[in-house]
Amino acid sequence: MMPDPSQIPVPVEALDALLPMHVVVEPDGIVRHAAPTFRKICPVAEPVGMRFLDLLEIERPLTKVGTGDFENLVGARLRLRFRGRPGTSMKGVMTPLAPETGLLVDLSFGISVVAAVAEYGLTGADFAPSDQTIEMLYLAEANAAAMAEAHRLIGRLESSRDAANEASLTDGLTGLGNRRALEAWLAARVRSGRTFSLLQVDLDYFKAVNDTHGHGTGDAVLQAAAHRLRQGLRPGDDLARIGGDEFVALLDRTTDAAGLSALAERLIAAVEAPVCVGTTECRISASIGAAVSTGYAEPTLEAMLADADDALYTVKRTGRGRARIHAG
Amino acid sequence: MHGLINKGLQGFLAETYGRQTWSRIADRANIAPEGFEALLTYDAQVTHDVLDAAVEVLGKPRAVLLEDLGTYLVSHPTTEPVRRLLRFGGLDFSDFMNSLDELPGRARLAVPDLWLPDIQTREVAPDAFAVACYSEFRGFGQILTGLLRAMADDYGALAFIEWEGERGGAEQVSVRLLEGDYSEGRQFDLSRKQAV
């Protein structure tokens, strides 16, 4: 007699090798056989002889679970977990075996495989050779290693960026010197014994520009003011931005009150010319306080800035847009 | 050359011979002592420069250094991730050898821009393999030789592994597995312990 081509007799050993996480369930719902990996993860020492639904809870698809009639679950994507075990949920599929021999239920860990492998202490031998699980674990681990390396790289880049910022002498917005640069310029003048003046320039009405037209416009106005101040100085003079709208100029040679005042007035006039940002016309002004190096036995940035600030405060109090030299 | 390989070379030299020696090698190779970033790619010449400098500073043959590099990649604590990723290649050493051809593909799956040379493994007799390594970078087969020796140890297998020179445009490595279960080998759990 020719064998029926629709029926392939499969020994249990072959099923165990191909589907190491399966169980065979009798038509009456009793587990008849459990494959090796299933036994390894099963919380019950001997699953054979137990009712399948006492062993495992079918979580999805809920509407089809009903009374425990498996027929309408055949072929569905099942989600199951062991009863009394809050751990990993599994994927599963049911398929009928030869008539009257019951069902085969095959399980896998799905996306929770990484946790499951750790929880159950599984090895490569617990999966079928054709199973992609090992490759998936490999990929998860490789991905974690690459991420860790990327994080280390970002950490190193951040510290070198911080170091570079710290070592920087330039104000990023205006390209002028920053406070560190100002300290260096002043120290160099003191070392060489040159006399010089320090001008602290404070923009007036700048906050209103920022508040009314936004920071983008505010930045453009700051850049324009920086440019005009720079144009108003001579080669060899230095200009730094040391705060939001605060600039400091160091002027060589000009130390007399008349010359200083004239220069300061020119700077203020330059800043007061309207600035057009797109279609917006902005108007600001500036107040200036000055200090002269000859007023100090040993000029320092702190002392000169404090005195210039003093003079500036007086200007601000008595009406803006003017300059004043610290009395010394 | 990929930064991972250069970084491996740097780690090998710095951790085997000390940081000062590494600084001397870096100096001679004209690179900064901070060395390489694993996620960047470098001109192949830089790798040769570092190797040449190491040969001069350490007074060791290039072949010996490359084989030691291969061993370092598997057996040093710093490179534990490399060992672990390699161990995914097989349940035992014989299994591993039979999947060795997949190594470049596996590497690319982990790091998409990491290109390893083509490897062709023939089982010439039971438990005897002829490995051909097709690389523009001469000496890759020597790295592979050291790496395979360390992997055999890692699996607890007793194997003779020799670099057999170049033939047919490929470096040849012969692997003879004497006993797969010779010693305990090193533990490998599929799930990674939290310490990275």
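This is a predicted model: local features need pLDDT of at least 70, side-chain atom pairs count only at pLDDT 80 or more; totals for chains, interfaces and linings use all residues.
The centres of domain 1 and domain 2 of chain B, taken over C-alpha atoms, are separated by 24 Å. The domain assignment places domain 1 of chain B at residues 3–60 and domain 2 of chain B at residues 90–179.

The two domains of chain B touch each other. Contact is made by 6 residues of domain 1 of chain B and 6 residues of domain 2 of chain B. The size of an interface is often given as the accessible area lost when the parts come together. Between domain 1 of chain B and domain 2 of chain B, about 440 Å² is buried, and carbon and sulfur atoms give 81% of that area. On the side of domain 1 of chain B, the residues that lose the most area to domain 2 of chain B are Leu4(B), Ile5(B) and His48(B), which together account for 70% of what that side buries.

Two elements of chain B, helix 1 (3–17) and helix 3 (44–58), each give two or more residues to the side of domain 1 that touches domain 2. Helix 3 of chain B provides the largest share of that side, with 3 residues. By residue type, this side of domain 1 of chain B consists of 3 nonpolar and 3 polar residues, with no charged ones.

The chain as a whole can now be described. Chain B contains 8 helices and 4 strands, and along the sequence these follow the pattern α-α-α-α-α-α-α-β-β-α-β-β. The C-alpha trace of chain B spans about 50 × 45 × 30 Å along its principal axes. A compact globule with 196 residues would have a radius of gyration near 16 Å; chain B has 17 Å, which agrees with that expectation.

Chain B also meets chain A. The contact between them takes 16 residues from chain B and 20 residues from chain A. Together the two chains bury about 1,800 Å², 70% of it on carbon and sulfur atoms. Leu39(B), Phe88(B) and Leu190(B) supply 32% of the area that chain B buries against chain A, more than any other three residues.

At this interface between the chains, 4 salt bridges are found. In one of them, the side chains of Arg84(B) and Glu141(A) meet at 2.5 Å, N to O. There are also 3 residue pairs in polar contact between chain B and chain A, counting those with both residues at pLDDT 80 or more. Helix 5 (80–87) and helix 7 (103–110) of chain B are the elements that give two or more residues to the side of chain B that touches chain A. Helix 7 of chain B gives the most to that side, with 4 residues. The residues on this side of chain B divide into 10 nonpolar, 1 polar and 5 charged.

Chain A remains to be considered. Its domain assignment gives domain 1 (12–131), domain 2 (135–167) and domain 3 (179–325). The centres of domain 1 and domain 3 of chain A, taken over C-alpha atoms, are separated by 80 Å. Over all chains, the whole structure holds 32 salt bridges. One of these joins the side chains of Arg241(A) and Asp171(A) at 2.9 Å, N to O. This pair links distant parts of the chain, 70 residues apart: Arg241(A) lies in strand 8 (residues 238–241) of chain A, whereas Asp171(A) lies in the loop between helix 6 (133–167) and helix 7 (179–192) of chain A.

Note on methods: Residues are numbered from 1 along each chain as its sequence is written. Chains are lettered from A and ligands numbered from 1 in the order in which they are written. Side-chain values use heavy atoms; hydrogens and water are left out. Contact means heavy atoms within 4.5 Å. Buried area is the accessible area (1.4 Å probe) that two parts lose on being put together, summed over both. A polar contact is a pair of N or O atoms within 3.5 Å; within protein, one must be able to donate a hydrogen and the other to accept it, and residues adjacent in sequence count only if both atoms are side-chain atoms. Ala, Val, Leu, Ile, Met, Phe, Trp, Tyr, Cys and Pro count as nonpolar, Asp, Glu, Lys and Arg as charged, and the others, Gly among them, as polar. Domain bounds come from an automatic or database domain assignment. The radius of gyration is taken over C-alpha atoms; the globule rule is 2.2 Å times the number of residues to the power 0.38.
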